[in-house]
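Hello,

Here is the structure you were waiting for. My notes on it follow below the file.

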Amino acid sequence: MSDKKTALVISAHSADFVWRAGGAIALHQKLGYEVTVVCLSYGERGESAKLWKQAGMTLEKVKAERRTEAENAAAALGVNDIRFFDVGDYPLDLGRETKDRMVDVIREVQPKWMMSHSKWDPYNTDHMNTTQFALECRMIAQAWGHNPGQKVLGAPQLYLFEPHQTEQMEWKPNVFLDITDVWDKKWAAIQCMQGQEHLWHFYENVAENRGNHFRRNSGGQSGGRNAKYAEGFQAIFPQTVDELV
Ligand SMILES: [Zn+2]
């Protein structure tokens, strides 16, 4: 039971995990991890413009549509478990109650690694507030005095996935993950996002560019490997290793 490999992705809105971490999710599911995705909101107010342009649209209809899209995308990626907190967006309600809910999930999942947004995002404060929220919840989950008796959290890495308009976000990748083997799954998941079709090819290009960076950084001509698609991440905490490679 304790040998179970698990990971937790915290997504501000219901589509973010697809564009930014879909490859990492599909790859780790393939590697035997159980990946849990928490969508704090559906992005129903701020990231659903195409739906709102339809006549007779309501908040409940948008949320239902976005939930279906996210569930379909999660299925395409092989996500083990997806949860919707439904705390509203623009802005997210990340108060104490939401934090306690999140800490319960973190302790239940006991992730080997966690993932969230960039630390800075002046275009979308929901994103950067989610990162701060993830760091706080990680800290609370480690506290022996918080709900004594529950299993406390170890020290999982927090990876920040790639934001939109990367250069404006003070986000610097220090990890590139080859997702070529699962690109078909990520592409299928991307196409579940019918409300944001304008982003599909943008994120295909991002994956191709990061594939190029993977090849440039992996030794010689990519160490002989043709990494066609990759995702970039910024690790927050130092690595602890027995040998430098
Ligand atoms: Zn978002």
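Phe84 is buried, with a relative accessible area of 12%; this and every other value here comes from a predicted model. The ring of Phe84 pairs with that of Tyr42: the centres are 5.3 Å apart and the planes are at 20°, so the pair is stacked, the angle being under 30 degrees. Tyr42 sits in the loop between E2 and H2 and Phe84 in strand E3, so the pair ties together parts that are 42 residues apart in sequence. Tyr42 counts as buried too, at 6% relative accessibility.

A search of the whole structure finds nine aromatic pairs. In another of these, Tyr159 and Phe233, the ring centres are 6.2 Å apart and the planes are at 65°, so this pair is edge-to-face. Tyr159 belongs to strand E5 (residues 157-161) and Phe233 to strand E7 (residues 230-235), so parts 74 residues apart in sequence are tied together. Phe233 has a relative accessibility of 2% and counts as buried. Ring pairs also link Tyr159 and Phe233 with Tyr33 and Trp113 into a cluster.

The loop that holds Tyr42, between E2 and H2, also holds Ser41. Is Ser41 buried or exposed? At 1% relative accessibility, Ser41 counts as buried. Leaving out residues up to four places away in sequence, Ser41 touches Ala12, His13, Ser14, Gly88, Asp89 and Leu92.

Glu47, in the loop between strand E2 (34-39) and helix H2 (49-52), and His127, in helix H5 (residues 125-142), link distant parts of the chain, 80 residues apart.

Next, the nonpolar cores. The largest has 42 residues, of which Val9, Phe17, Ile25, Val37 and Ile82 touch the most other members. Two or more residues come from each of strand E1 (6-11), helix H1 (16-30), E2, helix H3 (59-77), strand E3 (81-84), strand E4 (113-116), helix H6 (183-190) and helix H7 (200-217). H1 gives the most to this core, with eight residues. Ile25, neighbours within four places in sequence aside, is in contact with Val9, Phe17, Val35, Val37, Leu77 and Val79. Another core, of 25 residues, lies apart from the largest one and includes Met102, Val103, Ile140 and Leu153.

Met102 and Val103 are also among the buried residues of H4, together with Thr98, Lys99, Val105, Ile106, Arg107 and Val109. Helix H4 (residues 96-109) has 14 residues and reaches 20 Å from its first C-alpha to its last, close to the 20 Å expected at 1.5 Å a residue. What do the buried residues of H4 pack against? Their partners are E1, E2, E3, E4 and H5. Just after H4, Gln110 takes a positive phi of about 50°.

Regards

Conventions. Residues numbered from 1 in each chain as written. Predicted model: local features only at pLDDT ≥ 70, side-chain atom pairs only at ≥ 80, totals over all residues. Heavy atoms only, no water. Helix = DSSP H or I, 4+ residues; strand = E, 2+ residues; numbered from the N terminus. Core = buried A, V, L, I, M, F, W, Y, C linked by side-chain atoms within 4.5 Å. Buried < 20%, exposed > 50% of the residue type's maximum accessible area, 1.4 Å probe, protein only. Contact = heavy atoms within 4.5 Å. Expected span 1.5 Å × (residues − 1). Phe/Tyr/Trp six-rings, centres within 6.5 Å; stacked < 30°, edge-to-face > 60°.
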